[in-house]
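Here's a quick tour for anyone meeting this structure for the first time. Take a look, then read on.

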Amino acid sequence: MKELLKENILKHISLSENETEAFVDLFEKKLIRKKEFLLREGEVCKFEGFVSSGLLRVYHIDQNGFDQILYFAIENWWITDIDSFTNGTPSQLSIEALEDSEVLLISKEDKEFAYENLPKIEKLFRVMTQKTHVALQRRMIDNLSKTADQRYIEFVEKYPKLGQRLSNIQVAAYLGITNVFLSNIRKKIVLKK
């Protein structure tokens with residue numbers, strides 16, 4: 001499964017075969033069964049991960065006990081709690097497998113080792129961080145300026161395969177609406193056709 005990681009890296013930066021192998025060798029494979037946690041709220045996140053197979057959710061439980069899903073991570077996506085990982089603070093997030101999953105993990109120490117010994121790796125993470133910031137900014141703007149109907153339609157269009165792998169409750173939690181409201185949106189869409 002490290003081949004997928006290599007392909008992902010090479011989409012962002014160019015590395016020699018030796019550099020690629022040296023970096024990929026720093027990752028440890030972890031298998032996570034459905035409903036198991038890679039990270040629980042309150043733990044310190046000690047990894048950045050690359051999903052080589054499966055589906056995970058990154059979420060927070062609000063004061064009313066509702067899940068607030070920040071994002072889903074499927075094959076070829078990166079996953080972490082960047083705040084906890086960077087600052088060594090207890091996580092406000094949980095990461096749970098929604099399917100049996102395989103994740104390749106790199107520790108903070110190994111990432112720092114890579115920065116020092118494989119200088120191009122800093123560029124890799126800078127590029128990925130910029131892309132993540134852009135995605136989060138767009139999501140925030142969408143949540144503030146678009147209706148739930150619009151957000152749902154865009155989610156289905158942008159992630160058609162992901163939507164098929166999720167329950168209505170999970171999609172609703174991602175969109176910040178109730179399951180009942182999501183059902184109403186779906187009914188409206190069906191009636192318009």
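How many bridges join β3 to strand β8, and do the two run parallel or antiparallel? There are 5 bridges between β3 and β8 (residues 101–106), and the strands run antiparallel.

## Before we go on

This is a predicted model, where local features need pLDDT of at least 70 and side-chain atom pairs count only at pLDDT 80 or more, while totals for chains, interfaces and linings use all residues. Residues are numbered from 1 along each chain as its sequence is written, and side-chain values use heavy atoms, leaving out hydrogens and water.

Strands here are DSSP runs of E, at least two residues long, numbered from the N terminus.

On the β8 side, E48 has I106 as its bridge partner. Then there's β6 (residues 78–79), joined to β3 by 2 bridges and also antiparallel; here G49 is partnered with I79.

Put together, you get an open sheet of 4 strands in the order β1-β8-β3-β6, with antiparallel pairing (two strands pair if DSSP finds at least two bridges between them). β1 (28–32) and β6 are at the edges with a single partner strand each, so one side of each has no neighbour in the sheet.

## E116 in helix α4

Over in helix α4 (residues 108–117) (helices being DSSP runs of H or I, at least four residues), you'll find E116. E116 counts as exposed because its relative accessibility is 64%, and the cut-off for exposed is over 50%.

Notes:
Buried < 20%, exposed > 50% of the residue type's maximum accessible area, 1.4 Å probe, protein only.
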